[in-house]
Amino acid sequence: MSNITVTLTVNGKQQSVTAAPDTPLLWVLREQLKLTGTKFGCGVGQCGACTVHLNGEPTQSCLHALQDVAGKQVTTIEGLSPDTSHPLQKAWLAEQVPQCGYCQSGQIMRAAGLLKQNPRPTREEIVDYMSPNICRCGTYVRIARAIERAAGGGGVQS
Amino acid sequence: MKTTKNAKAATLNAGRRRFMTGAAGLTFGIAAGAPALQHLVAGAAEAATGSVRLNNWVTVFTDGTVAIMSPAAEMGQGSLTALPVIVADEMDADWSRVRIVAAPPNDKLYGNPAFRFLQYTAGSATVTGYFNNLRQFGAQVRYVLLDNAAQRWGVPLAEVVSEPGYAVHPRSGRRLSYGEIAAFAKVPAQAPEVTVEPVAKAQFRLIGKDLPRVDVAGKVNGSAQYSIDVQVPGMVYGAILREPVEGAAPEKIDDREARAIDGVLQIAPLKFGVGVIAQNPWAAFKAKKALKVTWSREATGWGFSNDKGYAQFAALAKDPNAKGVAWETQGDIAGAMGKAATVFEGEYRADYAYHAQMEPLNSVAAVTADGCEIWCGTQSQTVAVTAAAAALGIPEAKVKFNGMLLGGGFGRRGNRDVEFIVDSVLMSKAAGKPVKVMWTREDDLHNGRFRPLYVNRIRAGLDSQGKIVAWHHRVVSDRVLAFMDPVRYKESKGRDNIAMRGTELPTYDIAHRLAEGLQQDTGMRTAPLRAIGVGQNSFANEVFIDELAAKLGVDPVEFRILQLAGTPRAQRAKNAIEEVARMADWGRKRRGRGLGVAYLDYSGTQVAGIAEVSLARDGRIHVHDFWCVIDAGVAVQPDNIIAQTQSSIVYGLGLALTERIDIVDGAVKQSNFYDYHVPRMRDIPNIHIKLVQTRNHPTGAGQMATPLVPSAIANALFQLTGVRLRQQPLLPERVLHAMAEAGVSIA
């Protein structure tokens, strides 16, 4: 399979990347664009560690081939806020959510997707929406609390 | 803050000075100017020249910054922060001026006393193991700073007190910051002997407060660096197809398809597998998948399965002529069992279980003619260096170590051969370039090193009053220590602490006890897994205790309390059990729900838990609430102990209900999170934790509640249905099978 060159917008910046057409977006982001906040966890869309926003919607970047993301808008954890000021990031710090931290970029990106479509989610809605993302350290209690804190804080935007 | 009322009283022993030797000895440094910590953080201690005078634990800078070394690996458990807190507390540092520096690999200086001075972060033994020494070191630094201030002022040392970051002379109102003292201080060549207050009386200033963990900020914006994130100039990517069974070797390699993949640079046959080197990870993974390899059939593990293991282990567990290695023995077990009024017996099992740390194993290495540089997340910095040096046949001094954050450890990254680090060393040597070797999730499972398969058999003798007088616990399992750490195994006299821990019963008052291990070499790959042997051995203990209570018609909470000894440690156990029963409103019956209790003394930490469950028609157990009380003595970072306990409970929930590895013809059947099910947010009960802070030496906190969960759930299921489950995990089909056998139907 010969390489293709694709142009896409990542965190507001236009990027042109060359790789095999079936290369998952995940590896393009991590190894070519050096945006390593997006993590590799399972490679098959089971854990959510690689969650990014694609055209504004949270999705697992390991499931999208480069050939399918041409011209699309990608937001990674690095693009969520310039200075860790997103309400979710502040709430994550206030609740001291992360333990090993490896899944947390994905958790935050997924939570940002939730708050965008549902700024005041109930606990049940949070649990339902967040369940695709695994945290092996089991920080779920604090993730849920942090989302509630961010939602209660107002001014939520992605 | 800066009042004399808050000042730390001088508890200095000015008269006595003694040379301190060995690992307990402190040197500390004074440095001019602002800190150049990045050199230290990178672990390149020798590179940190210039304004930084190198030292073992503490450097005080003239700008007031206090750099404190932390020898712990950070995998989410918080000890990277907790250890410097202990030093800073005793030296009365201003925490806002403290910078934490990851200590370089050096067992002699930074080894954990709990592991015979191996620099190894494991076993929830970090705070407890380093605590006394770090308090001593902190007190020595404070002594030297105050002594320098006293000399400058010409006053007796006894008149000088400290406030955070300051030496103060209350009588004259004079004060000097630690940074100001650093500008003129003389550091004695010999460390002063300083007496610290015993834990029961000490006035802590930082210990017991919730200070933000130093690693957390980078974990919410993607900047935290794990080894998988490392990129070095000229780096290529490696993937390895490993032998499906430990010890098998590639006999025939068909790599035609693999070589044809764009971006593949090299195929590197290895003793234990076949390596692929490629320009990017995707090509490396595709090529690995395309390899066709025939494996030698000599390895021990071929043909093995869970069923074969259970058959073999269960026969041994029952065999009166078999004799194990004694793990704990007290009194006269044979005599007491013979005299007992009644003898009960129970058998408990556990499947293999997988760590599932979120970061698949990986490392980066750059091998050159001069040596080797490695980047890795490891539970032991020094073991990593030794293994890399051995793989290349070079002196350890030629290995440059870069410690990275660990995306989860849980015991998987502390094996003596650290194969996931040696992988990149071998591949870099083969490629002649820096290589990042990443395991896929499938590799992480197929090459997994698991909590072993277990068959536990317990016999208990009771006297006519219903008191337990004899307890014989036999554990048959795969060997763990001999496989994961031959060095420690050699020192252990055949006692496999990873498999056997948790069979000891330090708080139950049972006069005659024997815990013996019969660990088997089945050829399976094993490792410590969060809570090690305690995870299964405590399950066996606590379900069996529950069975005894039921047979005697005594309430399970009451029965446990009745078995407790009269020691202070057992009093703490009693408090924990009574408190958790109160929290759960134990006596209140719930319609369609069952409650189950479990208790554990885990390395001195007292934990008790209660689960509330219901049962679905398909055999699925639903855990609604979990209450837990933990008393780990002095809580250095209380909220972090709560966080660790939440984490332990969630981890225990997966092990209790869904997590199992199946071995088929010696190889691992499961491949990814679609067939190895770990808890998700929707699976989590309401978790209620009470941290009891007592004035005892701090004990472990990182995994203590994990073993409570399966036993409390199994005991709750019994209360609900009258049916006992004696095998982890408590799978729906096992529940349905047990109920069918007992003739019980789901309400």
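Predicted model: local features only at pLDDT ≥ 70, side-chain atom pairs only at ≥ 80, totals over all residues.

Reader: How do you know what confidence the predictor has in chain A?

Author: By pLDDT, the predictor's confidence in each residue, from 0 to 100. The mean for chain A is 95, and 96% of its residues reach 70 or more. Residues 154-158 of chain A, however, stay under 50, and the model has nine contacts for them beyond four places in sequence.

Reader: What makes two residues count as "in contact", and how many are in contact between chain B and chain A?

Author: Their C-beta atoms, placed from the backbone, must lie within 7 Å. By that test, 48 residues of chain B are in contact with 49 residues of chain A. On the chain B side, α19(B) gives the largest share, six residues; helices here are DSSP runs (H or I, at least four residues) and strands likewise (E, at least two), numbered from the N terminus.

Reader: Why is B:Phe117 called partly exposed?

Author: A residue is buried if 20 or more other C-beta atoms lie within 10 Å of its own, exposed if 12 or fewer, and partly exposed in between, with C-beta atoms placed from the backbone. B:Phe117 has 19 such atoms within 10 Å, so it is partly exposed. Its phi is near 60°, a positive value in a residue other than glycine, and its place is in the loop between α3 and α4 of chain B.

Reader: And is B:Asp585 buried or exposed?

Author: B:Asp585 has 12 C-beta neighbours inside 10 Å and therefore counts as exposed. B:Asp585 also has a positive phi, about 55°, although it is not a glycine.

Reader: What makes a set of residues a nonpolar core, and how many residues has the largest?

Author: The members must be buried Ala, Val, Leu, Ile, Met, Phe, Trp, Tyr and Cys residues joined through C-beta atoms within 7 Å. The largest such core has 280 residues, and B:Ala388 is among those with the most contacts inside it. The helix α4(B) gives the most, with 13 residues. Beyond its neighbours within four places in sequence, B:Ala388 is in contact with residues including B:Cys372, B:Ile374 and B:Val399.

Terms used
Residues numbered from 1 in each chain as written. Chains lettered and ligands numbered in written order.
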